[in-house]
Amino acid sequence: MSVDKVVARAADAIADIARGSSLGVGGFGLCGVPGVLIDALLARGTGELRVVSNNCGVDDGGLGLLLRRGLISRMTSSYVGENKEFARQYLSGELEVELVPQGTLAERLRAGGSGIPAFFTPAGVGTPIADGGLAWRYGADGSVAVASPPRETRTFDGREHLLEEAIRTDFALVRAAVGDRHGNLRFHASARNFNPLVAMAGRVTVAEVEELVEPGELGPDEIHLPGVFVQRVVPVRAGDPAAGKRVERRTVRARQEGTVGHGSDT
């Protein structure tokens, strides 16, 4: 029996993401971000989203576009330092934020996709993550309106560990370099960070793919994520501006007086 998961239009692939849905989004910084699906969600205007992602993009890119429109009500992230609007919304009480150690976030997603409800980790022991009281949401007057709860602890091999619960989301949006019609995906380089884990944790996972191939064209050793975790595949159209790949922070070395660089004709 043929199983073709291809959806031609991104708008159709995300049409059932409802207001208030929980949403996992892949990518690391601006690398491997599902920009086409984010753009479709932005155009639809679905709000009150509870998003789980390593970061929240930048002010004018990635998830920052949804944030700027006020469509995100809660973020679960490990890094949020590149987005001034994120800081403004959090400090003003408009946005609820759960900060999670990066490795713990990765494992919570993997556990969710693997059917493991919770696990113990030493990360966060002796910090406010363990003790509770971190400001998840501020009130309009600057007081803490919602605080993180204390974690259950247990000692293994003489070392204290915290209990962390797995993460499952209603939907997941990811981006892959290559995908076939069955949903098998291959990621390129660091775009593999978080995308497979987010895809595993989603109850309905939508993957935008830069190259669509037929079943069997990807060898077994080339598949980074099997199609069992993917429900919809959206081919990226050539020239789609939402599919562009940005450099998050471009840094170049200052030219030294009297030096000749590679490729110079002087």
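Modeller: Happy to! Let me start with a term: a polar contact is a pair of N or O atoms within 3.5 Å, where within protein one must be able to donate a hydrogen and the other to accept it, and residues adjacent in sequence count only if both atoms are side-chain atoms. The model is predicted, so local features need pLDDT of at least 70 and side-chain atom pairs count only at pLDDT 80 or more, while totals for chains, interfaces and linings use all residues. Residues are numbered from 1 along each chain as its sequence is written, and side-chain values use heavy atoms, with hydrogens and water left out.

Our part is E164, whose side chain makes such a polar contact with the side chain of R151, at 3.4 Å. You will find E164 in strand β9; helices (H or I, at least four residues) and strands (E, at least two) are DSSP runs, numbered from the N terminus. With a relative accessible area of 2%, E164 is buried. Buried means under 20% relative accessible area, exposed over 50%, and partly exposed in between, using a 1.4 Å probe and protein chains only.

Contact means heavy atoms within 4.5 Å. Leaving aside neighbours within four places in sequence, E164 is in contact with T104, R108, A118, F119, T121, I129 and R151.

Let us take the strand beside it next. β9 (residues 159–165) pairs with β5 in the antiparallel sense, over 4 bridges; two strands pair if DSSP finds at least two bridges between them. Within this pairing, A118 stands opposite E165 of β9.

T104 and R108 are among the buried residues of α5, along with L105, A106, L109, A111, G112 and G113. Residues three or four places apart in an α-helix point the same way, because there are 3.6 residues a turn. The buried residues of α5 pack against β9 and β5, and also against β2 (49–52), β3 (72–77), β4 (96–99) and α7. Just after α5, G115 takes a positive phi of about 80°.
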